Every structure is written in C-alpha cells, then in structure tokens.
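This report looks at how parts of one chain meet, and then at a few individual residues and pairs. Please keep the sequence and the structure in view while reading.

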Amino acid sequence: MNSRRSTLLGKDFRRAVPIAVLSAFALTACTAGGGGAADSAAARDTLVFGVDGTLPNLDPVQAVNSTVDQAVVPMYEALLDYSPTNEIVGVLAAEWTVADDARSISVKLRDGAKFHDGSPVTSADVAYTLDRIKTLGVGVADSIAAYDKTEITDDSSFTIRLGSASSLFIGALSKVYILNEDAVQEGDDNGQAWLATHAAGSGPYELASYAPNQQIEYHRVDGADPKIAAKVIYRLIPESATQRDELASGNIDVSDAIDPIDVKEFEADPDRQVVRLKKPQGLYVFFNTQEGPTTDKKLREAIRLSYDYQGHTDTILRGFGGVASGPLPDTMGCRADIAPAKQDLAAAKALVEESGNKGVKLTMAYQSMFTEHAEAATALQSSLKEIGVTLELKPVTYPNFIASLKKVETTPQLSLLWDNPPTPDAGSLLYRTYSSRFVGSGTNYGQYSNPAVDALLDKAVGSGDAEVQCAAYKEAQTLIDADAATMNIADHETAVVAPKGVTGIEFHPAHVGYVPQSYKVG
C-alpha cells in the first residue's frame with residue numbers, strides 16, 4: 001500500500017455569512033492596489049491580475065480549461081495538489097492511501113475544514129462532487145474516467161473505488177474541487193446553471209462579484225492567511241498589448257501575459273519585479289493523421305524540418321523558453337531522450353519531392369489573438385513556401401476548434417496551439433492526447449492512432465509501479481516522435497510582472513495560471 005501523510009496546504013477558512021454573488025455589475029475604473037504600482041506591498045489590500053483567454057463559466061467541473069482553473073482555484077480546495085517541487089501534497093486530505101492494484105484510494109479529511117458558509121467539509125461532499133462529475137461527463141470527467149463510487153466510512157473518512165486500475169487518478173484529484181453539496185442549487189441540470197455564476201467552495205477567497213468575460217472579484221475569508229491580499233480582482237484582458245498598457249498605467253498590478261519584447265520595460269521599473277518561471281505548457285502543431293495530405297508521414301516530416309525553431313525561441317519568445325524536445329513540456333518527468341527539433345530545409349525539400357507533395361495546399365487553424373500563435377503561423381507559412389508547400393492560415397476561436405475535433409473529417413489538417421498537461425503526471429497529457437481511445441473526443445488533437453502506443457499507455461495507466469509507468473511513457477514518446485505525429489515547437493517560460501515586495505510568486509505544476517493565494521503582500 002502507498003500511504004501518505006502530508007503537511008497541509010489548507011487552513012480553517014471560516015466565513016459566518018453566505019457567499020455574496022452578483023452575476024453582473026457595472027464596471028468602474030479602478031486603480032490597482034489602491035494607489036498604483038508605486039505602493040509598497042505592505043500597504044496593499046488589493047491585487048489586480050490581468051487574465052488572458054476567455055472564461056466560459058465558473059463551474060469547477062470545467063477546471064481542465066486553464067482559464068477556468070485559475071478562476072476557481074482561489075475559491076475552492078481539492079483533496080490533493082502538487083507542490084512547487086512536483087510532490088503530491090494534502091489540501092483537504094490529511095492522509096491518503098493508494099491500493100497496490102491502483103483501484104482504490106482511502107482518504108481521511110483534515111480536521112476543521114469548512115466551507116464559506118461555515119458548514120464542515122464532509123465525506124458526503126466529496127462523494128457528491130465526484131458523482132456529479134461522473135454524471136455530467138464533461139471537463140475533468142475525462143481525467144477521472146476510472147471513477148466508480150465513493151464508500152463513506154464516516155464524516156471524515158472514505159474510500160474512492162475505481163472501475164479499472166488507474167495510476168493517473170491520484171494526480172487528477174488536483175483538479176477535482178470539492179463542492180458544498182447543500183449550497184449548490186441543483187435545478188434540473190446538476191447545478192450547472194447555478195455554478196456557472198456562483199461558488200460553493202472552501203478556499204481562502206469567496207466570490208464577491210462576477211461579470212462574465214470582464215471581471216471577477218474575490219474577498220479573503222475569515223481565517224485565511226492574513227499575509228495574502230484582502231481583495232483579489234481578475235480583469236479578463238485577452239490582448240497582451242492591452243495588458244501591457246493597463247499595467248503601465250497602474251490599472252492592473254500583476255500580469256503573466258506581457259509579450260517578451262515588452263518585458264524589458266518593466267524590468268527597468270524600480271517599483272516592479274519580473275519573476276521568470278517555468279511553465280507547464282508548450283507550443284505544438286498537430287497534424288490530422290487520419291484524413292487528407294497530412295496522413296503522409298513524409299509530408300509531416302518535411303513540415304517539421306522546415307521550421308526555424310531556434311529563431312522562434314530567440315525572436316518570437318525573446319529567450320523566454322527553449323526549443324522543444326518531444327511531446328512533453330520540459331517541466332515534466334518521465335521524458336524520453338529525444339533531440340531538440342532542428343531546421344533542415346534541404347532535407348525538407350527532398351521529402352516533399354520524394355513524396356510527390358510539391359505544390360500541395362494545406363490549411364492550418366490557429367488563434368490569431370495570441371502574439372506567439374500569429375507570429376509562428378506566419379513564420380511556418382513562409383518556411384513551407386520555401387519547400388514548395390502552400391499554407392493557408394485560418395483563424396479560429398478555441399471553442400470552435402474543439403468542436404471541429406468531434407469528427408475526423410472536420411479536424412484541421414494542421415492545428416497550432418498551446419497544450420498543457422492536466423496534471424504533472426506524464427500520462428495525464430500522453431494518454432488523452434495520443435491514445436486512440438480519445439479520437440473524436442476533443443483532446444486527441446490529431447486523431448492519432450497507433451496500437452503499439454495504445455498498448456504502452458494502457459500498461460502505464462494500469463500499473464501501480466512508478467518505474468513501469470515511466471518506462472512505458474518514455475517508449476510511447478519515442479514512437480509518437482518517430483510517427484511525426486506532432487511538430488513540437490517550443491517549451492515556455494513565463495514572465496510574471498508584479499509590484500516590488502510581493503512574495504510567493506512561484507511555479508505551481510498543476511496550474512498554468514495564477515494561484516493568487518500564494519502571493520503574499522504583507
């Protein structure tokens with residue numbers, strides 16, 4: 001048995017009044033931190049964060065979406081999370097034991113854990129949360145697909161039973177945010193409409209107001225760490241240039257979306273700091289491997305060889321990242337020994353000629369709102385022109401892109417996108433992205449299918465032995481790379497611009513976006 005007792009990340013966050021929520025409100029101009037970037041950290045009671053991307057809703061079941069995850073992480077707690085050193089640690093769980101056959105997990109909740117309305121977090125709330133995810137079958141449901149039921153021993157002890165062995169399940173619990181069953185207004189949709197604009201959590205912040213895709217305001221609850229900001233505001237600003245201007249004018253305090261070319265401006269500001277962090281995210285091109293010209297492996301190899309990867313790192317990322325070496329971001333363990341991608345135009349031209357693809361016309365979907373995507377798309381278009389391939393660029397929104405993956409015939413020939421693992425476990429990315437089980441699901445972006453890779457991934461997921469898992473994952477990555485299933489462009493670093501004196505800005509392996517309760521202002 002694998003038994004764990006951990007130093008807890010959580011505290012007794014007690015709030016005597018109910019959560020106050022406004023589904024919409026009049027936005028007014030605000031000055032970040034109460035007085036602009038020059039304020040000392042100790043004087044701050046508010047931190048305003050610039051958030052890129054779009055936010056579909058506040059339902060934690062959608063926390064597989066990184067924008068949703070960073071929106072709900074201040075308000076909710078999971079049973080477990082990953083520490084900055086990639087170790088699984090307890091949050092709501094005080095103790096946990098994973099069975100040797102990877103088919104059950106026994107858990108004891110921490111003493112004194114309470115929801116924002118003051119009611120205790122119980123085993124029944126955990127069971128309700130997991131059962132709800134299973135019933136809805138969306139969002140994080142893919143990550144906990146092995147879940148069967150929760151057997152309750154008492155209010156603080158329970159056993160999670162799995163329908164099949166899954167080594168991924170324990171890590172996936174970092175994205176299962178526990179709901180207050182009594183607070184959720186169920187309706188006839190398992191609470192989806194209500195949770196889209198309300199919260200029912202136990203985290204250090206409660207929801208004060210929410211204007212969809214504009215602004216979210218959180219207030220620190222009684223009993224939370226007094227060193228964190230009393231008020232946190234997220235302003236949803238998708239454009240990097242707008243975030244830069246709002247940061248410069250003092251209307252936001254913190255941003256991790258500043259274009260690298262603009263970072264130097266803030267590094268020179270005596271009132272600000274720039275913290276560079278590894279990011280569990282990479283930029284990739286996924287090929288439709290089941291339909292159209294990109295079913296030809298030689299064409300896929302030619303496309304991969306055409307791109308200037310070092311130029312991407314130096315010019316587009318301005319040094320905030322590195323050339324990718326395989327399908328996993330460089331923040332993850334169990335990575336195969338794959339050489340970094342490298343441009344070779346002569347070899348690319350030869351493959352195009354050899355495969356009879358000279359003059360072929362291809363289409364690539366990309367999100368033009370993101371600077372890196374736009375610049376990389378144009379650079380690839382130019383590179384492919386040199387080897388006799390025409391690339392048409394097709395801007396898409398992320399929801400429309402995901403919808404296109406439901407059918408092989410509507411899947412783009414090439415798709416340029418950021419991808420990040422649901423958890424720091426290598427299998428959490430490899431399994432849902434490259435297992436044929438997920439063809440047509442919206443997570444296997446290239447509709448990739450290789451029986452040998454499937455067998456290796458199934459072996460790893462079904463094993464309780466960490467060494468067996470890692471060896472299988474490494475071999476699977478080697479096969480995926482040999483198939484030229486993806487074009488792995490760059491691993492990322494992020495530059496977090498924040499006021500001088502704010503501490504606790506650190507890497508959180510399970511969370512791509514902000515974790516504002518780690519930011520200390522006092």
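Where domain 1 and domain 2 meet in this predicted model, eleven residues of domain 1 are in contact with 15 residues of domain 2. The domain assignment behind these names places domain 2 at residues 76-199 and domain 3 at 278-493, while domain 1 is made up of the segments 43-55, 203-271 and 500-521. Taken over C-alpha atoms, the centres of domain 1 and domain 2 are 27 Å apart.

The size of an interface is often given as the accessible area lost when the parts come together. Between domain 1 and domain 2 the buried area is about 1000 Å², and carbon and sulfur atoms give 57% of that area. On the side of domain 1 that touches domain 2, there are seven nonpolar, two polar and two charged residues. Which polar links are counted between domain 1 and domain 2? There are four residue pairs in polar contact, with both residues at pLDDT 80 or more, and the count of salt bridges between domain 1 and domain 2 is zero.

Elsewhere the view turns to pairs of side chains. The structure as a whole holds 14 aromatic pairs, one of which is formed by tyrosine 218 and tyrosine 234 in an edge-to-face arrangement. A pair of aromatic rings is described by the distance of the centres and the angle of the planes; for tyrosine 218 and tyrosine 234 these values are 5.2 Å and 75°. The salt bridges in the structure number 19, and among them is the one in which the side chains of arginine 276 and glutamate 493 meet, at 2.7 Å from N to O. Both pairs link distant parts of the chain, as the table sets out.

| Residue | Strand | Separation from its partner |
|---|---|---|
| Tyrosine 218 | S10 (residues 215-220) | 16 residues from tyrosine 234 |
| Tyrosine 234 | S11 (residues 231-236) | 16 residues from tyrosine 218 |
| Arginine 276 | S13 (residues 272-287) | 217 residues from glutamate 493 |
| Glutamate 493 | S18 (residues 486-499) | 217 residues from arginine 276 |

Leaving aside neighbours within four places in sequence, glycine 139 is in contact with Val61, Gln62 and Val64. The C-alpha atom of glycine 139 is separated by 18 Å from that of glycine 201, which is 62 residues apart from glycine 139 along the chain.

Technical notes:
Residues numbered from 1 in each chain as written. Predicted model: local features only at pLDDT ≥ 70, side-chain atom pairs only at ≥ 80, totals over all residues. Heavy atoms only, no water. Domains from an automatic or database assignment. Contact = heavy atoms within 4.5 Å. Buried area = accessible area lost by both parts, 1.4 Å probe. Salt bridge = Lys/Arg side-chain N within 4 Å of Asp/Glu carboxyl O. Polar contact = N/O pair within 3.5 Å; in protein donor to acceptor, adjacent residues only side chain to side chain. Nonpolar A, V, L, I, M, F, W, Y, C, P; charged D, E, K, R; others polar. Phe/Tyr/Trp six-rings, centres within 6.5 Å; stacked < 30°, edge-to-face > 60°. Helix = DSSP H or I, 4+ residues; strand = E, 2+ residues; numbered from the N terminus.
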